[in-house]
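I opened a new page for this one and jotted things down as I looked them up. Here is the structure, followed by my notes.

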Amino acid sequence: MTLQPRCEDVETAEGVALTVTGVAQVKIMTEKELLAVACEQFLGKNVQDIKNVVLQTLEGHLRSILGTLTVEQIYQDRDQFAKLVREVAAPDVGRMGIEILSFTIKDVYDKVSYLSSLGKTQIAVVQRDADIGVAEAERDAGIREAECKKEMLDVKFRADTKVADSKRAFEMQKAAFTQEINIKSAEAQLAYELQGAKEQQKIRQEEIEIEVVQRRRQIDVEEKEIVRMDKELIATVRLPAEAEAHRMQEIAEGEKVKQVLIAQAEGEKIRKIGEAEALVIEALGKAEAEKMKLKAEAYQQYGEAAKMALVLEALPHVSARPGDGGEGGGGSLSFPPSQRSLGAAQHLRP
């Protein structure tokens, strides 16, 4: 069964009269005990009577709940309000064997424009919030726009940087290619010049060989000419000159042999004289030595008296040489001739 409870001019907790309409779906329970209760309550009544009973019960609970709520609670949270009505009315109608399937608030209004005032306030609040939201949205949009612009510029700068890097890489690669081309061109040019130089060298070598052959032939001619002139000189100059040189050489050789023989004879003469003088000196030395030996033997026989006699014999010979000391006898000793001869002989002895 569909019921439409309606409460007109019901004062709320703040004293504001409201008119509330709703829609409820109810049915009779089919469980045996609850069905027995429903039969006990409504047996003999028609459907409209049942609707009226249930409707009166719902409206009564609806009025009682409206008196405990404010207009804002009722208007702003209709679902909670309908749930509250359903929970409060369900036990009462349940005791009559009726089950509330659903209950919703259909409409809420008043005759003193309270709800419209609330709407205006709400509209103002909404407009204010909307303006604030618009301003914030514009601000956020400006910020976002600036951020997007900044991101765009960053992206642009990064793109420009990448373009510049790509361009620089392209230029570097191009320069590298150009350098490689120049190197290859230079190598090709050098190879060409080197090959040209090799060809020139071959040509020059051939020319040198030709010049060498010509020079050899010229040398052969000159050698033959020299041989001819040499033969001519031999015939006219060299042979007579050689004969004259041979004659002069023979004369010089004879003169040389003559001088050598004269020198050898003179040397032999001097050697023979020296040998003779040496023999004489040696004989004199031997005689003097023998004499001194005999004197020494005699002196040994005489003893001290002989030594004294020898000293006395030597005293007259002690005199000063001219320029050796002065008067008074400060010169060296002079020995008898026999002793001087003995000393000379000892020095000449081989």
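**Serine 64 to start**

I began with serine 64, which sits in helix 2. Helices here are DSSP runs of H or I with at least four residues, strands are runs of E with at least two, and both are numbered from the N terminus. Serine 64 has a relative accessibility of 41%, so it counts as partly exposed. My cut-offs: buried is under 20% relative accessible area, exposed is over 50%, and partly exposed is in between, with a 1.4 Å probe and protein chains only.

**Ground rules**

This is a predicted model, where local features need pLDDT of at least 70, side-chain atom pairs count only at pLDDT 80 or more, and totals for chains, interfaces and linings use all residues. Residues are numbered from 1 along each chain as its sequence is written, and side-chain values use heavy atoms, with hydrogens and water left out.

**The overall layout**

I noted seven helices and four strands in the protein. Reading from the N terminus, the order is β-β-β-α-α-α-α-β-α-α-α. Of the 350 residues, 16% are buried. I then checked the contacts, meaning heavy atoms within 4.5 Å. Among those between residues at least 6 apart in sequence, 65% join residues at least 24 apart.

**Helix 2 against helix 4**

How do helix 2 and helix 4 pack, at what angle and how far apart are their axes? I found an angle of about 130 degrees and axes 9 Å apart for helix 2 (residues 47-66) and helix 4 (residues 78-94). The axes are lines fitted to C-alpha atoms, for helices over the stretch in contact, and the angles run from 0 to 180 degrees between N-to-C directions. The two helices are therefore oblique to each other. For that word, angles under 35 degrees are roughly parallel, over 145 roughly antiparallel, 65 to 115 roughly perpendicular, and the rest oblique.

Helix 2 brings Val54, Thr57, Leu58, His61, Leu62, Ile65 and Leu66 to the contact, and helix 4 brings Phe81, Leu84, Val85, Val88, Ala89, Asp92 and Val93. By class I get eleven nonpolar, two polar and one charged residues. Nonpolar covers Ala, Val, Leu, Ile, Met, Phe, Trp, Tyr, Cys and Pro, charged covers Asp, Glu, Lys and Arg, and the others, Gly among them, are polar.

Next I picked out aspartate 92 in helix 4. Aspartate 92 is partly exposed, at a relative accessible area of 25%. Setting aside neighbours within four places in sequence, aspartate 92 touches Thr57 and His61.

**Strand 3 and its partners**

Which strands pair with strand 3 in the antiparallel sense over ten bridges? That is strand 4 (residues 98-109), and pairing takes at least two DSSP bridges. In this pair, glycine 22 stands opposite isoleucine 105.

Strand 2 (residues 6-11) also runs antiparallel to strand 3 (residues 17-28), with four bridges. I wrote down valine 10 opposite leucine 18 and glutamate 11 opposite alanine 17. The hairpin of strand 2 and strand 3 has five residues between the strands, and glycine 15 there takes a positive phi near 85 degrees.

Strand 1 (residues 2-3) joins strand 3 by two bridges, again antiparallel, and leucine 3 faces alanine 24 across the pair.

**Threonine 19**

Is threonine 19 buried or exposed? Threonine 19 lies in strand 3 and counts as buried, because its relative accessibility is 2%. Apart from neighbours within four places in sequence, threonine 19 is in contact with Arg6, Cys7, Glu8, Asp9, Asp107, Val108 and Tyr109.
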